[in-house]
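Let's take a walk through this structure together.

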Amino acid sequence: MTGGTWKHAPGFYVGDRPQVVTSRFQYEDSYTLERYLATDGYKGLRSALARPANEIHDEVRSATVLGRGGAGFPAGNKWGLMPQEVWPRYLVVNGDESEPGTYKDRLLMERDPHQLIEGCLIASYAAGLSQCFLYIRGEMALAQERIATALNEAYAAGYVGKNILGSKFSLDIVLHWGAGAYVVGEETALIESLEGNRGMPRLKPPYFPAANGLYGQPTIVNNVETLANLPWLLNNGAAAYTAIGTATSPGTRMVAVSGHVNRPGVFEIINGITTFRDLLYGEEFCQGIRNGNDLKAFVPGGGSAPWFTPDQLDLPFEASQVGPAGSMLGSGAIMVMDSTTDIPRAALTLTRFYAHESCGKCTPCREGGTWLERILSRVVDGKGTDADLDQIFEVGESICPGAFPHASNEKLGIAAVPFPYRMNTICFVGPSAYAPVHSALTLFRSEFDARIVKRTMIKVTAVSE
Amino acid sequence: MARLTEENVRLAREIIGRYPKPRSATIPLLHLAQEQDGYVTNEAMSHIGELVGASSAEVFGTASFYEMFKFEPVGKYLINICGTMSCALLGAEELMHHAEERLGIKMGSTTADGKITLERAECQAACTEAPCLQVNYRYRYRVTPDQLDSLIDDLSAGNLSSEIPAHGVVASVRQHIPADRAVGAVAPELVTENPVWLDGKAAL
């Protein structure tokens, strides 16, 4: 069934591609324990428990399961960063999906909650984690209901809790939910929020909560999609997993393509191989730009990512190629703008988002983001001056010193500045406020210039000598 | 007085018991308070502070960081229209203007009858289904101005009350950990040994 979709999984399209995490989406009742058990559910857990924990950790490490939250750090290596002999260790599941353009974790939680729960169990067994907190975004009522129901079923059936499946492995999984704050998706902010505080990122180092996380203990924070990969991995083995995709980007990943395409959708694609051109124009994906329009620009990896233009369409979904080209794959969110798009206004919607979501801890982000939003609003309203455009770069420099990443452009004759950037803030919210306006201004300067109020300087002379 | 009711205190204690440290329950308890009264009252925040071992100022400090918590009454139905990139590219601004015109209120305010509050929201993770909105955190996808009109008609007439609970209730299902299956939360300082299954042998 190529290009099929179902009313119960809005936005999702299946194709002739391997399905690691979406195989149950076809069933209307995919979220029930009954369906899960009928489709190999909790088999991966059973086979994991039949082997020593360190072997399971090695299996995950050798599969190179890249983190699907944004940074793309391999999960097996992340688990390995925990200090030896410090107990207890915790697992915190990052289900706070809120990066602009990102729509995948919510589907995984609503459509296949048991798969996520099984992933949590496997990770906790492998890495010796004593308790699991499943942190779901506050605004996702249905996902919370589905996970609550699934956990209640799984506890009653002996898959979660004391002596799981009669083994010596025990784990409580606690459903926890947020209350509306984008920055809480940053892992140290997530931990602060879980401790009952304002969700502000912690000072770094330590860079990873694996060293010092929840209650100061070693803590693994993994994204929903990352953990959802584990049951399949245990059922089929690391070799089968790495047989999909490329050596540096194995497996599949979920991407959401939204905006001005004929068929916006969520797809499970082969990692490392699928190109942006495939995604935007492919028959099994988005089927081209709406109304036969030309493509103007697209955001390749969530609102935080510097923009691409048609020049970058042939890049594959591979971090080692997208980074040098000046952007990132981030959370698998692609937002497409056609030729009718008002670029300064589009940039404003994103910059406003990050300015609004700044937690206020770091001055360059708190003040800089707001400045960027105000200046850009002024320009969009036709009240800006040339000095405003210079000021945008100046404010950006105070958030991210040095050259800021951007794509190359043949027509403009500019070369790419590779990702990542340097930053004067603890987390990525500040740089993210700058990324859209920087890209827009670098790649579409003339659209800004056209809106600028031209003022000629009047020479001030004395009324009389 | 809007402290937590007896039944909610029982629930609150159950929730607190799941965490190694009681203060971790702060946000879930704030949701419970909002579920009870439709918004978070000062009395409820003091009460939550007593339950988790924090001052009412600390509880308010946490609560005020998060957008879902309201400190004064809002409409029975909170309509959040998404205005971020994907939705903006497909008509979110127009939808917001339409909603304002139709209800005769600005974004961020409530109708005189107290039924509907209108808010501009940021990305709701439904970007392929733009423009989208949520009513008390229940989704509506690819919303046209006409559909918004009939949604408002339905909400005003009470036709959706079985599908959409009044503001304050987010998930209508709660997690319940049966006592005989629970491992139980332990304060981290009381744990000194590695989990029993990390003995180099299979668990099963």
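Start in chain A, at the end of a helix: H7(A) is followed by A:Gly158, a residue with a positive phi, near 85°. Before going on, keep in mind that what you're looking at is a predicted model.

Now step back along the helix itself. Helix H7 of chain A covers residues 141-156. With 16 residues at 1.5 Å a residue, H7(A) should span 22 Å, and its end C-alpha atoms are 23 Å apart, so the two agree. Quite a few of its residues are tucked away: the buried ones include A:Ala141, A:Ile147, A:Leu151 and A:Tyr155. What do the buried residues of H7(A) pack against? In chain A, their partners are helices H1 (33-38), H5 (105-111) and H6, plus strands E2 (131-136) and E3 (172-177). Chain B joins in too, through its strand E4.

H6(A) has 15 residues and reaches 21 Å from its first C-alpha to its last, close to the 21 Å expected at 1.5 Å a residue. How many of its residues are buried? The count is 15 of 15. Just after H6(A) comes another glycine, A:Gly128, with a positive phi of about 70°.

Zoom out for a moment. Chain A is divided into domain 1 (33-242) and domain 2 (342-465). Their centres, taken over C-alpha atoms, are separated by 38 Å. Where the two meet, 9 residues of domain 1 of chain A are in contact with 8 residues of domain 2 of chain A.

Next, hop over to chain B. Here 4 strands make an open sheet in the order E2-E1-E3-E4, with mixed pairing. Its edge strands are E2 (116-121) and E4 (138-140) of chain B, each of which pairs on one side only. On average, neighbouring strands of the sheet are turned by 25° against each other, direction ignored. Helix H6 of chain B (residues 92-103) packs on the sheet, touching strands E1 (77-82) and E2 of chain B. Strand E3 of chain B (residues 133-135) and E4(B) pair in the antiparallel sense over 3 bridges, and B:Leu133 stands opposite B:Arg140.

The peptide bond between B:Ala130 and B:Pro131 is cis, with omega about -10°, and B:Pro131 sits in the loop between E2 and E3 of chain B. Chain A has a cis bond from A:Lys204 to A:Pro205, with omega near -5°. Then there's A:Glu85, which isn't a glycine but has a positive phi, near 60°. Is A:Glu85 buried or exposed? It has 8 other C-beta atoms within 10 Å, so it counts as exposed.

Conventions. Residues numbered from 1 in each chain as written. Chains lettered and ligands numbered in written order. Predicted model: local features only at pLDDT ≥ 70, side-chain atom pairs only at ≥ 80, totals over all residues. Pairing = 2+ DSSP bridges. Helix = DSSP H or I, 4+ residues; strand = E, 2+ residues; numbered from the N terminus. Axes fitted to C-alpha atoms, helices over the stretch in contact; angles between N-to-C directions. Contact = placed C-beta atoms within 7 Å. Expected span 1.5 Å × (residues − 1). Buried ≥ 20, exposed ≤ 12 C-beta atoms within 10 Å, placed from the backbone. Domains from an automatic or database assignment.
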